[in-house]
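Subject: Handing over a structure, with notes on its side-chain contacts

Dear colleague,

I am passing on the structure that I have been looking through, and I would be glad if you kept it open while you read the notes below it.

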Amino acid sequence: MEKQIAYEKMFNVLNVENIVIFEDDFIENTGKNEICYGLARMSITNRNRMLSEIGEINSTGKDQLEAFVNEFDNVFDAIENWEDEIPYNDIETSFEIIQEKREYFEVLEEVKKKYSVIDMDSWSHKEDSLSILASYGVGVDIPNLYEELFDEFLHNKAHWKKYRIFRDFTAATQADFKKYIEDSFGSQGMMVCIIDDQMKNKKSATEIVNYIEKLQSEQKRRLNIIGLIYSSFDNSDCITDKVYFEYIKKGEPKNVFQAALTKSSYSYMLADLKVIYQRVLGDAFDEAVRNKNIAYYLSSMADYEGITNYQVITNWIKLLFEYKLSDIQELTTVAGMTRLIGLLEDEKLEFSKEMLDLNTFEAFDFSVNKYREPIASGDIFLIKKEIYILLGQDCDMMNSSTRKRKNGISELVNATTVNQSSLDGSVELNRQFLFISNFRKNKDDTIKTLKVRYGSRKFIENQILQLCQFNDDGKCILDINKKQYNASGVEPAYYETLYEELVSYYEALFAINKKESAALELILNSSQSSRVLRLNDYVRDQEQNGIVEYKIRRICRLKHPYMLYLYKMYLEHQGRHPFDCMNMSRVQEVQVKLKQNDLIYVSIDMVLTPNRDMNRQHIEKMDWYIDISNLENAVSNLLGIAVEIQENVQCIEIKEEGTKFECMLDGGEKKNMCVLKIGDMVSIEQCK
């Protein structure tokens, strides 16, 4: 379905104030009837400008036209609907309409006098004057190609919108065009340029676009100009991104025109955003430079919290940037332009590997190892070729210069990777897993979906995971022969103390393992101390070299929104009431469909089995019972009359082969019926 909207709505969204058309198919009329019609209806701003231009070469013509239109302004409101009442380019018909309204009679006589005075044969530079009139749309015939644009926007009000028509691109036209642009510099509105690539048997589009780019260079800014180019041929001329005009073929429907103009406005919008963002980001950095006292405070707090200065300073600058951006008024216009993006048709994507990398970057931060960030919630580890995600309160798991870590042990949840074969996951699986797309174990890895079982809960010693903080590749490895930490310059000062503590810790571990390996094995046995990886599960052939190495590597970190959602799901699962999952009576009431009418549900009682999966997924394999009153209601709904079941029991069992029962109808008639279990439905039938 073609996407299009009315031109009035589109140009209002774009805040269009001017339209300039380069097209030689507009034909000028030389009669004063046609000229005075356009003169009366044209934009007041353009009219004054036009008369001033004519006056420079033809004072007589300027005086005659000005005298007429000033007088006609007094009767202009007598025409209630110009489009319906007055034929296009026919001012004399308006005299007849106005004459019927008595209150305008005397003024109309003055209008007619001024009209009769107009004598174009008396004008000096007549041809040039007519050309100026035509360039403002006065007295011209509108080509079919532009009729809809004029009807819906340029001429849809009593006074026309501002527009210009240029039928060539000579030096004189260039000067006029430049002056027209310069006169609109103070405006915040947009100018739309529509260019016919072939004027006077000469290709003109590239020359015009290059000229606009030249004007922009002179002004050292992007002008408020968007547009498109009509061409009779397929065209691949280079249109610079500094003045992006889309080529379309003449005769293309309205939606193609609007899509081309939207692309041009999109290019302008991005260029405008670039300027705004660069300016605001510069202001944010200037603010950061001026407020060194805040930087000092943040650095001190970073040291207290245990995070890097780099992390807190960049977060501060981002906050300053977003705050200053929120107060920029120009963004309102830019935001309005985005409403038109829906007019664009889908196009073949110019494939970019960088866009795939962007998908990964949106959810995963691979810079944590490079900046030697402290371990934090959301860190993703590869442990013995399996994936685990660290969860918890950051302030509990971090060291700092003023405090020690609070949590006694680190908590992890298990994750696997699955092929990214579908963009949506099973709703049923979402009750147990969180799916995060575009995951890679490294930058060269194939993209997969990370399938996180948030209900899992694994443990590992903090001292093992903390080793990754001291290595650019995120490996958990430590050379205890090196007593002092070789700082990279990006980490907090407390790293040196933490490093020395870990060296002493692992020296003690090596000593205990050397003397009492059996006792240590007993203490760390998984039946007593369940861990993903035990303290003594380091690489043994490295021990004699004084190197502690675990088969663990920190891959990356989940970005904040994903980490918070995962942590929420984890806490909700861990905080569930233990008896919520256990039925204490072994009987559960459920509603199943009636086979004869799937709009009717029948309440039955199931006897649960010790197999939880069976209870959840295969109710048809369990024993079913139905209360007599529920069975009576079901039969009554099915037959459409009240029935009473002749059984002296509270409930009966529903069997696959069927359970017979006798019921009495409202009129006293008896019927033999049976109830059957058919899959996960109930069937009620009359016995033969």
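Predicted model: local features only at pLDDT ≥ 70, side-chain atom pairs only at ≥ 80, totals over all residues.

Residues are numbered from 1 along each chain as its sequence is written, and side-chain values rest on heavy atoms, with hydrogens and water left out.

Salt bridges

The structure holds 34 salt bridges, a salt bridge being a side-chain nitrogen of Lys or Arg within 4 Å of a carboxyl oxygen of Asp or Glu. One of them joins the side chains of Glu 53 and Arg 49, at 2.8 Å from N to O, and both residues lie in helix α3 (residues 44–57), 4 residues apart, which is about one turn of the helix. Helices (H or I, at least four residues) and strands (E, at least two) are DSSP runs, numbered from the N terminus. Glu 53 is buried, with a relative accessible area of 18%, and Arg 49 counts as buried at 16%; here buried means under 20% relative accessible area, exposed over 50%, and partly exposed in between, with a 1.4 Å probe and protein chains only.

Asp 176 forms a salt bridge with Arg 164, and the closest N and O atoms are 2.8 Å apart. Because Asp 176 lies in helix α10 and Arg 164 in strand β4 (residues 162–166), this pair ties together parts that are 12 residues apart in sequence. Asp 176 is buried, with a relative accessible area of 18%, and Arg 164 is buried at 0%. Arg 49, Glu 53, Arg 164 and Asp 176 also belong, with Lys 179 and Asp 183, to a network linked by salt bridges.

The side chains of Lys 250 and Asp 196 meet in a further salt bridge, at 3.1 Å from N to O. This pair links distant parts of the chain, with Lys 250 in the loop between β9 (245–249) and α12 (254–290) and Asp 196 in strand β5 (residues 190–196), 54 residues apart. Lys 250 is partly exposed at 29% relative accessible area, whereas Asp 196 counts as buried at 3%.

Aromatic rings

There are 39 aromatic pairs, counted where rings of Phe, Tyr and Trp (its six-membered ring) have centres within 6.5 Å, with planes under 30 degrees apart called stacked, over 60 edge-to-face, and the rest tilted. The rings of Phe 22 and Phe 177 have centres 5.2 Å apart and planes at 85°, so the pair is edge-to-face. Phe 22 lies in strand β1 (residues 16–22) and Phe 177 in helix α10 (residues 171–183), so the pair ties together parts that are 155 residues apart in sequence. Phe 22 is buried at 0% relative accessibility, and Phe 177 is buried at 0%.

Charges also sit over rings, which is counted when NZ of Lys or CZ of Arg is within 6 Å of the ring centre and within 35 degrees of the ring normal. Lys 161 lies over the face of Phe 153, at 4.6 Å from the ring centre, and Arg 164 lies over the face of Tyr 180, at 5.1 Å.

Surface patch

Ile 294, Tyr 297 and Met 301 make a nonpolar surface patch of about 260 Å². Patches are made of residues with over 30% relative accessible area and no salt bridge, like charges being joined within 9 Å and nonpolar side chains (Val, Leu, Ile, Met, Phe, Trp, Tyr) within 5 Å, and accessible areas come from the Shrake-Rupley method with a 1.4 Å probe, only the protein chains shown counting as cover for residues. Ile 294 is placed in helix α13 (residues 292–305).
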